[in-house]
Amino acid sequence: MLNKSQSDFLKVIVKCINEYGHIPSSNVLSEKSNVTIQQVNTYLRQLTEKKYLEKTGRGQYQLVELHENHLDLLRHIINFMQKHKYCPSNKELTKLTGRDDQEVNRSLKMLQQYEYVQVVPNKGRHIYIRKFV
């Protein structure tokens, strides 16, 4: 799980990928995130250790692809919402996917981290789809 500063930095990376098509240099990330280059390198190392990024070369990184389980959960959410016209509960998601509550929550967090969905905290049935697959 990411802390707030790591999560904010990952959001900057995702925005940069959308803008440039790749993760830019540490200098650009430093500018975009308003942190020092040393902090950028620390965040890159931490995100790599937590398997959000993978190193592809000297100073080059890429996002780890979403696992098929995460995309499968997204498809279940979309199908449920199209059929019922409201969001599924976590209990319904565990039943639909055959996964336990922790797996569903982990996948939801990954989907939210990569901005596929937005989950409103402390509200059941409040998942907003932001990107379709």
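In the predicted model, T97 is buried (under 20% relative accessible area, with over 50% counting as exposed and the range in between as partly exposed, for a 1.4 Å probe and protein chains only), its relative accessible area being 17%. This residue lies in helix α5, which covers residues 90-97, helices being DSSP runs of H or I of at least four residues and strands runs of E of at least two, numbered from the N terminus. The side chain of T97 reaches the backbone oxygen of L93 at 2.7 Å. When residues up to four places away in sequence are not counted, T97 touches L73, H76 and V104, contact meaning heavy atoms within 4.5 Å.

S107, in helix α6 (residues 101-113), is likewise counted as buried, at 4% relative accessibility.

The protein chain as a whole comprises six helices and four strands, arranged from the N terminus as α-α-α-β-β-α-α-α-β-β. Its C-alpha trace spans about 45 × 25 × 20 Å along the principal axes, and buried residues make up 38% of its 133 residues. Of the contacts with a separation of 6 or more, 46% are between residues 24 or more positions apart.

Residues are numbered from 1 along each chain as its sequence is written, and side-chain values use heavy atoms, with hydrogens and water left out. As the model is predicted, local features need pLDDT of at least 70 and side-chain atom pairs count only at pLDDT 80 or more, whereas totals for chains, interfaces and linings use all residues.

Note on methods. A polar contact is a pair of N or O atoms within 3.5 Å; within protein, one must be able to donate a hydrogen and the other to accept it, and residues adjacent in sequence count only if both atoms are side-chain atoms.
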